[in-house]
Amino acid sequence: MDAVPRKPKPRWLLGVVSFLAAALVMIYLSYALPRILPGDFVTAAYAGSHVTLTAEQEASLQSLYSQDTGFGSYLLRLVTLDWGYSHAFLAPVSELFLGALPWTLLLLGTANLIAMSAGFVTGVEAAWRHGTRTEKGLIAGATVLEGIPEICTGVVLLFIFALKLQWFPAAGAETAYAEGGLFTRVIDVLHHLALPLCTLILAYLPGNFLLTRNSMMMVMKAPYMVTARAKGVPPRRVRYVHAARNALLPVVTRFGLRLAFMITGALVVERINSYPGLGTLLFNAIQSRDLPVIQAVVLFSSLIVLAVILSMEGLYRMIDPRIRHAR
Amino acid sequence: MSLEIRNLDVVYGNGGHSIQALENIDLTIDRGKCLALIGESGSGKTTFGKACLGLLPENARIHGAILLNGERIPYEDKMSLQGIRWKKIAMVFQNGAANLNPSHRIIDQVAEPLLVHGVENSSDARMRAAIALEQMGIGSDAHGRYPHQFSGGQAQKIQLAMAMILDPEILILDEPTSALDALSKGLVHRLIVEKKSRGKTIVLITHDLEFAVGCADTVAVLYLGQIMEKLPAEQVFSNPLHPYTLALKRSYPAMNNARDLGGIRGDAFYRTVHQHGRGKETDYLHSHIQVPESSHKDGHAPPVGCLFGQRCTQAVERCKQGPIQIESVEDHEVRCVRRGIAERFVLNGVTKRYGSTRALHPVTLNVKAGEIFSLVGETGSGKTTLAMIAAGVLSPDAGTRYFEGRNMDQWIKKNYRSLAGRIGVIYQNPAESVSHRFTVGEIIAEPLNIHRTFREKKEKERRVRECLADVHLSTDDHFLKRYPHELNMGALQRICIARALVLDPSLLIADEPTSSLDPSVQAKVLKLLLDLQIQRGLTMLFVSHDVGLVRKISDRIGVMYQGRMVETGPASIVLQQPRHPYTRLLIRSAMGEFSKEINSEERFSSGH
Amino acid sequence: MHVKILRDLRRNRWFLTGLSLIGFFFVLAMIGPSLAPFDPQDFSFNPLSPPAFKHLLGVNDGGQDIFSELLYSLRNTVLFGLLSGSAALVIGVLIGAFSGWLGGFPDAVFMRLADILLAIPAIMILIIVAAVFRPSPSVLALILAFMTWPTISKAIRAQTLGLKESLHVKAAVQMGGGNWHIIRRHLLPEMFPLYLIGFAAKTRMAMFMEASLAFLGLFDPGRKSLGMMISYALKYYYLDIWWNWLLPPILCLSFVIMAITFVAISLENVLDPRLKEGSLKETVMEKTL
């Protein structure tokens with residue numbers, strides 16, 4: 001439409017730039033806040049807590065927070081994983097963090113993927129079988145399941161399968177001090193993963209199912225569906241390639257958000273199953289007022305949220321051509 | 001021979017019990033000219049005619065003078081008066097048959113003046129009478145008959161023949177055509193023209209506007225004894241300046257008048273019959289006319305200020321003060337405080353763009369008080385945009401707007417609400433223009449609530465009911481509590497109309513108000529709008545794409561095409577003699593003639 | 001129109017079930033404490049004794065009557081949920097409506113604020129605040145409301161933007177209606193379904209949070225909560241107390257949240273006209289094409 005052709009700036013570049021900008025703001029906040037808080041931040045935080053610090057510990061903490069080494073060196077330390085030392089756990093923060101991170105990723109990633117795909121497929125099929133008993137049954141089941149909070153499912157599963165039947169371990173991500181090859185290890189991990197995974201899947205699946213089904217219901221009424229059938233497209237293709245593709249957007253949004261809030265999303269379940277993920281780490285840190293750990297986890301969580309939200313925009317464009325061509 | 005009336009006053013009765021039939025009449029009619037005196041019942045027109053011939057009753061007091069060729073008519077001198085009557089000045093009375101003697105044959109009646117004035121002998125008189133009657137279309141086989149054997153129209157013609165038999169210099173015709181069909185009217189018209197060409201003077205007293213305009217050179221409009229306007233005859237339809245003249249024009253089913261009949265709100269007078277009972281000559285049963293709102297409780301004293309004020313669509317406070325003088329406005333003489341029809345609003349050179357699209361090129365629109373102006377055009381022509389600019393809802397990119405003389409843009413900035421209360425708007429889709437959560441009562445009351453017009457709930461309700469009654473809807477409680485989805489579109493649109501009128505605005509803007517309605521309902525709603533407009537003296541801006549519809553209600557039409565006003569003018573003229581090619585195309589399409597050459601005519605230049 | 005909605009709702013089984021359950025629990029929550037035979041803080045009873053007539057659900061490890069505990073906990077959870085839900089609703093609606101209606105600068109400010117709040121995970125903040133500052137539960141409920149209003153206000157704002165273009169709103173503007181008049185009379189009444197949906201969703205979330213926080217032990221230990229009961233009961237899994245100590249709070253919590261979930265889901269289905277079910281015949285015909 002312009003008379004003179006111009007090379008358009010790629011949209012993703014804009015996205016990356018805004019992410020970096022926001023990230024920088026977040027990091028700066030994490031740097032500046034403790035220093036802005038009034039009075040003796042360290043003492044105040046520990047007051048009223050059952051944790052006591054030795055004078056030496058207190059002093060080192062205070063020095064850590066009142067350091068006026070500037071934002072630049074702060075950034076540098078962040079990037080080089082020098083995140084301070086945890087007094088509660090007696091380990092460097094980065095070690096604690098990076099030790100817990102994979103477990104959370106494993107748990108949440110798997111749970112979300114399974115819940116999303118299973119929920120999506122069942123939702124599509126259920127919507128297709130609209131009006132039948134199967135559909136009604138599935139909806140009923142999903143609604144009931146949706147109504148049961150994670151705590152309850154988690155506790156019930158734990159109680160029945162771990163404590164009473166003893167089929168699964170009640171705690172941990174893997175058996176400590178175990179020996180064995182890769183295969184045994186993997187089995188072991190899966191064994192430990194099972195219960196929290198099931199709890200999460202049971203918590204996420206019904207929602208995805210219902211969301212997909214509702215989305216599909218709206219899509220199926222659209223005129224282009226009639227066109228598809230008129231063209232002689234086979235049913236399965238109609239269902240997935242034509243209909244489900246358009247119903248994808250809300251589901252993907254939810255997936256993204258769940259991922260974004262992964263740390264807090266799994267917190268309760270991790271706690272129930274004593275699963276050593278970031279949630280447990282955070283919780284313990286809060287209990288013991290372990291400020292460096294809290295700071296690290298919060299910062300990381302915020303950055304993830306930002307990253308996910310900003311990249312979802314890009315994902316929307318890929319999925320929905322109407323958004324792609326909107327500008 | 002010329003006829004001049006100078007400051008004529010005619011008063012019936014005396015003392016405290018008198019009626020002013022004519023007041024301050026000043027007229028001059030030259031040789032070979034015709035003056036039409038337009039008036040309705042009670043205006044004093046018959047009194048005028050009779051005054052010229054000295055035929056007023058005993059209790060009539062005359063002041064002022066009537067001059068024939070400069071000489072006063074000697075009313076006191078019965079002898080010379082008699083010599084003048086019928087020879088110099090003759091009159092055809094109203095109500096044909098009743099003015100003929102039922103026991104004389106018509107030929108005799110027609111011949112009588114000739115005999116009485118000694119012009120002819122008996123047989124020649126009858127011959128001339130027969131010729132006169134034939135000329136009026138009454139065949140010789142009917143000449144021997146009696147008046148009751150003729151129709152009203154024929155009796156009128158007989159009277160005419162009788163009046164013209166002496167070929168008087170001045171002929172006064174009092175409603176000569178009221179019972180006549182169009183062809184017979186043509187006959188009378190030809191007669192008048194012929195008389196004029198021979199230097200005779202005609203006074204035509206009538207309420208038939210079209211006939212008056214066709215015959216007369218000047219027209220004087222009479223109302224309750226006063227002349228409201230004097231104007232050249234050809235301007236009666238195209239440019240009446242006095243509100244009463246305009247209202248008359250609208251009430252008249254002329255071929256020339258496209259809009260549906262109006263009427264004038266209120267009544268001029270009503271008759272009372274009573275007895276004063278204080279002895280003397282007033283102690284008897286009598287009737288006379290009583291003007292509403294007059295100051296004396298027996299209706300004897302005329303109201304102060306403008307006689308037409310109460311029924312006028314543009315009356316202001318000044319209209320109630322003191323006697324109103326007649327003054328010259330353009331080439332008319334008008335008795336109006338506001339010097340003729342006021343302007344309700346003016347849009348001058350307004351433009352509007354939406355993004356890169358130009359919705360309106362500079363458009364100028366002015367709408368006079370009390371008229372219905374229609375904007376007609378296809379979708380996208382800019383008519384709705386223009387109407388919304390007039391309403392104050394949209395603001396133009398350039399140009400000025402004035403409402404009742406005030407600059408709208410400043411007004412809006414200062415206090416939009418007070419302007420909003422003067423303008424009512426009704427929209428195309430009544431169902432969408434109301435909230436479905438509101439009951440009928442709440443819908444109509446909303447402007448009252450917004451403007452906090454009434455303190456008491458009762459007064460508010462009363463007003464709501466009034467408005468409901470005005471639009472011919474039920475006023476009972478049950479109806480007030482109904483919801484829009486329970487009603488049909490016609491009723492809903494009436495409710496919207498009631499809502500638009502609840503604050504008594506001076507301007508009503510209707511944006512395609514009947515497009516969403518069924519045809520039978522359309523007609524009713526339009527009729528309602530017309531009635532309301534007349535009753536309340538509203539000015540209306542009507543937007544429509546339907547030329548046929550617009551024809552039925554507009555005084556003036558503006559044709560819009562691609563953001564330009566390509567033609568404006570009185571409705572009948574725009575529709576019957578369109579000048580701009582687009583207007584022609586529009587009218588032809590409206591009449592069902594779809595042109596094959598649409599493409600070539602599509603590209604019109606702006607203006608003409 | 002709202003008449004039709006009420007009728008549809010009355011026919012919807014999920015809604016009725018949910019509503020009756022909620023009704024039941026609400027009543028129970030309100031009068032519960034008066035039904036409780038003992039003061040739940042009273043720890044004078046024989047710890048871990050099995051259910052008997054005197055103690056319908058037995059006694060917990062601290063010597064407190066479980067049944068009484070249950071009733072008090074139920075109330076706490078329900079009240080927390082209702083308080084947070086209503087607060088979130090009020091804030092969300094007002095901000096959403098004004099933001100959408102006024103547009104321009106206020107709109108931009110509020111929506112950025114909403115985005116920031118959305119990015120912050122509620123549970124993390126609640127945990128931190130609860131752990132460090134130990135405020136009263138009402139304060140926590142309000143803090144939660146303050147973090148959950150954004151979704152409501154975005155929905156309300158979207159609806160407001162749509163309504164702004166409707167003819168009756170434009171007519172009211174032409175008539176001279178002021179901002180508050182229009183919002184109050186023309187906008188707010190149209191969005192009733194959104195209120196119900198939003199309130200149900202936020203209340204559900206709040207009750208869920210309350211249970212989670214209690215489970216994690218972040219409330220004042222003296223405060224009875226279903227989550228707390230579950231967490232304690234779990235510790236004694238090896239004893240045979242699961243069916244009178246662990247199960248009741250789990251069941252209660254599940255049913256309460258389930259009830260409000262039913263209401264929320266059925267409301268969404270009924271109030272969203274796009275999801276109207278067609279007849280079975282129609283769908284069968286469609287599929288055989």
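Modeller: Contact means heavy atoms within 4.5 Å. By that criterion, 44 residues from chain C and 44 residues from chain A take part in the contact of these two chains. This is a predicted model, in which local features need pLDDT of at least 70 and side-chain atom pairs count only at pLDDT 80 or more, while totals for chains, interfaces and linings use all residues. Residues are numbered from 1 along each chain as its sequence is written, chains are lettered from A and ligands numbered from 1 in the order in which they are written, and side-chain values use heavy atoms, with hydrogens and water left out.

Colleague: What area do chain C and chain A bury between them?

Modeller: The size of an interface is often given as the accessible area lost when the parts come together. Buried area here is the accessible area (1.4 Å probe) that two parts lose on being put together, summed over both. For chain C and chain A it is about 4000 Å², with 75% on carbon and sulfur atoms.

Colleague: How many salt bridges and how many polar contacts are found between chain C and chain A?

Modeller: A salt bridge requires a side-chain nitrogen of Lys or Arg within 4 Å of a carboxyl oxygen of Asp or Glu. Two residue pairs, both at pLDDT 80 or more, are in polar contact between chain C and chain A.

Colleague: Which elements make up the side of chain C that touches chain A?

Modeller: Helices (H or I, at least four residues) and strands (E, at least two) are DSSP runs, numbered from the N terminus. In chain C, α4 (104-119), α5 (122-133), α9, α10 (226-235), α11 (242-271) and α12 (280-287) each supply at least two residues of that side. The largest share, 11 residues, comes from α11(C). With Ala, Val, Leu, Ile, Met, Phe, Trp, Tyr, Cys and Pro counted as nonpolar, Asp, Glu, Lys and Arg as charged, and the others, Gly among them, as polar, the side of chain C that touches chain A divides into 32 nonpolar, six polar and six charged residues.

Colleague: What makes B:R437 and C:E190 a salt bridge?

Modeller: Their side chains meet at 3.6 Å, N to O. The limit is 4 Å, so the pair qualifies. It is set in an interface where the rule finds one salt bridge, that of chain B and chain C. There are also eight residue pairs in polar contact between chain B and chain C, both residues at pLDDT 80 or more. The side of chain B that touches chain C has α11 (408-420), β20 (423-426), α12 (430-433) and α13 (440-451) each supplying at least two residues. Its largest share, five residues, comes from α13(B).

Colleague: How many residues and what area does this interface involve?

Modeller: In chain B 23 residues are in contact with 18 residues of chain C. The two chains bury about 1800 Å² between them, 57% of it on carbon and sulfur atoms. B:Y427, B:R437 and B:I450 supply 32% of the area that chain B buries against chain C, more than any other three residues.

Colleague: Why is C:E210 called buried?

Modeller: Buried means under 20% relative accessible area, exposed over 50%, and partly exposed in between (1.4 Å probe, protein chains only). C:E210 has a relative accessible area of 0%, so it is buried. This residue is in helix α9 (residues 192-215) of chain C. Leaving out residues up to four places away in sequence, C:E210 touches C:N76, C:T77, C:F80, C:F219, C:R223 and C:S225.

Colleague: Why is B:T351 given that label too?

Modeller: B:T351 has a relative accessible area of 8% and therefore counts as buried. It lies in strand β15 (residues 343-354) of chain B. Among the residues it touches are B:R358, B:L360 and B:H361.

Colleague: Why does C:Y232 count as partly exposed?

Modeller: C:Y232 is at 34% relative accessibility, so it is classed as partly exposed. It is found in helix α10 of chain C. C:Y232 and C:W245 are 13 residues apart in sequence and 9.1 Å apart in space, C-alpha to C-alpha.

Key: A polar contact is a pair of N or O atoms within 3.5 Å; within protein, one must be able to donate a hydrogen and the other to accept it, and residues adjacent in sequence count only if both atoms are side-chain atoms.
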